[in-house]
Amino acid sequence: MFSEQLGYIEKAKSIAAARYGVPKACINTYGCQQNVSDSEHIKGMLEKMGYAFTEDASDADFVLFNTCAVREHAEDRVYGNIGTMKALKKARPDMIVAVCGCMAQQEKVAERIRKSYPYVDILFGTHLIHRFPEFLYRRLNGSKRIFDISTDTKHIVEGIPVHRDKTVKGWLPIMYGCDNFCTYCIVPYVRGRERSRASCEILREAEQMIAAGVKDITLLGQNVNSYGKGLSEDINFAKLIRKINDISGEFRIRFMTSHPKDCTLELLDAMRDCEKVAHHLHLPVQCGNNRVLGVMNRRYTREKYLSLIKAARSRMPDLSITSDIIVGFPGETYEEFCDTLSLVKEVEYNSLFTFIYSARPGTPAAEMPDIISRAEKGKWFNELLQAQDIIGKQKQNDMKGKTYRVLCEEESENEGFIMGRTNGTDVIEFAGDKTLIGKFVNVKVIDTNNVLKGTLI
């Protein structure tokens, strides 16, 4: 229970105030939206402990790195950035440096940081965010370095404070962990097995977000489609969406991420029926070849995936569809990659998140023979990007002259302009002032040259 941490919050607040005056914290977040949400909860606890926030590590009394383990490049960035703390810690010995997140949950990473980065004071894994006040108090109180990556894959701790970085958009976790064990993915090993939050807790938090002015709520989970497994209540993801949709107020509902093997017609019906649900479906396909999908342990076929796309578009003709694609999976041939290319052209995605395969130690795919060179995979990757670029530009051109209801999210870098997002995924820039932020308005698209330009109706 988080109530056990309240005493540590007060004790840490007292020590930090005596040592620093008004202590400052710098939070560095890498990776997915779940990590962003985790950082917002860590910032919520820090706020309760009296900390203000800064983006300048040299100006901070506490620096935290919330890490991502999905790709090698992300890990390399984290190690490099942690390395920059050595000089800062030498100049400011009373500064506290912490590491958490998916990288930290891995034993080999925790051991490397313990040995090679002696200026890291605290390291904790993905299962122990709720104990952060305890860890910080202990270190402030003179404890030795704290490294704890113990796991608890059964319980969800509710009531953790949250400091939301944005007021218009908000992240709302509905479940944690993953049971799918795709052969390339480290997430189930660092996030644990699937656990769903009780719907009453989710609805309570959604109501709080709406009351605070959040207009765009993204429901988060490694696989939101399997929400409800293990709960005693009669609930699944489609029913949860309908419950949130029934909350009074003007807001929009989105969700990430949706696994094709668990995407049901019931869910698509709920998206169609619920007027507050954005017509955007992020449905990661990863590959368009059935043999490779099988080796990836995705548990659906190309044909099954395309049937879902057809069913979704028949219900929502204006649906925006996005996806994730891995290029150059171990053993994949160019001919098999061409199946992915043809699927992209058939589906005509609004946008794609594309990656060249990155081996994750500890996953089955990391042990598979991989004879295709990085340079060759890069050629395939560029071919995919070029195909999607043509599709994306055509979709933008089709928007010209049409009017869309958009949520005004933020000021543009161009003075006097606002950025607004459609019911799908498109962002339109139009003339307006900051008083529009947080409001839904109608905007007509007048230009589609790289950036969508519009005029307020």
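In which helix do Glu111 and Arg114 both lie, and how many residues apart?

## Basis of the model

This is a predicted model, in which local features need pLDDT of at least 70 and side-chain atom pairs count only at pLDDT 80 or more, while totals for chains, interfaces and linings use all residues. Residues are numbered from 1 along each chain as its sequence is written, and side-chain values use heavy atoms, with hydrogens and water left out.

Glu111 and Arg114 both lie in helix α5 (residues 107-116), three residues apart, about one turn of the helix; helices here are DSSP runs of H or I with at least four residues, strands are runs of E with at least two, and both are numbered from the N terminus. Their side chains meet in a salt bridge at 3.6 Å, N to O, the term meaning a side-chain nitrogen of Lys or Arg within 4 Å of a carboxyl oxygen of Asp or Glu.

Glu111 is partly exposed at 34% relative accessibility, as is Arg114 at 39%, where buried means under 20% relative accessible area, exposed over 50% and partly exposed in between (1.4 Å probe, protein chains only).

## Salt bridges between distant parts

Asp269 forms a salt bridge with Arg315, with the closest N and O atoms 2.6 Å apart. This pair links helix α10 (residues 265-273), which holds Asp269, to helix α12 (residues 302-315), which holds Arg315, across 46 residues.

Lys229 forms a salt bridge with Asp179 at 3.5 Å between the closest N and O atoms. Lys229 lies in the loop between β10 and α9 (237-245) and Asp179 in the loop between β8 (175-176) and α7 (187-191), so the pair ties together parts 50 residues apart in sequence.
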